[in-house]
Amino acid sequence: MSLTARFLEENGIPTVIIGSARDIVESCAVPRFLFTDFPLGNPIGRPFEFEMQETVVRNGLMLLESTKQAGATVKSPLSWGENQKWRDEYMQFSKQDLERLRAMGEERRRIRSESKSRLKS
C-alpha cells in the first residue's frame, strides 16, 4: 500500500495510509500516515466497534484534507483499551490454542482437497 500511495501522489491523487506498523510504513516514505497504535491487522479499530472505526476514518480524512505536503505522520488519539495489557497478550497462544488451530487447519485442508476433487470430476 505504501508504494501505491506514493505512485498515486506522484500522479496527482492525494492519499493517506492508516496503519499500525509505524516503523515499516514510515520507512516507505508515505505521503500521509495516520498511525493507530492498535494490534496488527486492526488499523481501523476493534471489530464491531463502529463508532471507533468511524472516528479513525474521519481522522484519516481530516489528515488528507488538512495536510497538503507529503511526509506527515499523525498519531491517532484513540487507544485500543484502558491499559496497554493487550501488548503483552497479543498473539500469545497456549498449548490448547495450538492444538485447536492445528485441528482447524487440518479440517480446512480436508475440505479444500474434497472441493478440488469434485471440480476435477
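## Sheet and packing helix

Strands E1 and E2 (residues 32-35) run parallel and share 3 bridges. In this pair, Ile18 sits opposite Leu34 of E2. The model is predicted.

The pair belongs to an open sheet of 3 strands, ordered E1-E2-E3, with parallel pairing. Its edges are strand E1 (17-19) and strand E3 (72-75), and each of these pairs on one side only. Neighbouring strands are turned by 20° against each other on average, direction ignored. Helix H3 (residues 50-66) packs on the sheet. The helix touches E1, E2 and E3, and its direction makes about 150° with that of E2.

## Salt bridge in helix H3

The structure holds 8 salt bridges. One of the pairs is Glu54 with Arg58, whose closest N and O atoms lie 2.8 Å apart. Why are Glu54 and Arg58 separated by about one helical turn? Because they are 4 residues apart in helix H3. Glu54 has a relative accessible area of 44%, so it is partly exposed.

Helix H5 spans residues 95-120. Here the side chains of Arg100 and Asp97 meet in a salt bridge, at 3.8 Å from N to O. The two residues are 3 apart in helix H5, so about one helical turn separates them. Arg100 is partly exposed at 45% relative accessibility. Asp97 also counts as partly exposed, at 24%; the cut-off for buried is under 20%.

What is the relative accessible area of Arg110? The value is 38%, so Arg110 is partly exposed. Glu114 is partly exposed too, with 35%. Salt bridges with shared partners link Glu107, Arg110 and Glu114 into one network.

## Nonpolar surface patch

Which residues make the nonpolar surface patch of about 670 Å²? They are Leu40, Tyr90, Met91, Phe93, Leu98, Leu101 and Met104. Leu101 is found in helix H5. Its relative accessibility is 35%, so Leu101 counts as partly exposed. Patch residues need over 30% relative accessible area, and Leu101 has 35%.

Conventions:
Residues numbered from 1 in each chain as written. Predicted model: local features only at pLDDT ≥ 70, side-chain atom pairs only at ≥ 80, totals over all residues. Heavy atoms only, no water. Pairing = 2+ DSSP bridges. Axes fitted to C-alpha atoms, helices over the stretch in contact; angles between N-to-C directions. Contact = heavy atoms within 4.5 Å. Patch = residues over 30% accessible without salt bridge, like charges linked within 9 Å, V, L, I, M, F, W, Y side chains within 5 Å. Areas by Shrake-Rupley, 256 points an atom, 1.4 Å probe, with all protein chains shown as cover. Salt bridge = Lys/Arg side-chain N within 4 Å of Asp/Glu carboxyl O. Buried < 20%, exposed > 50% of the residue type's maximum accessible area, 1.4 Å probe, protein only.
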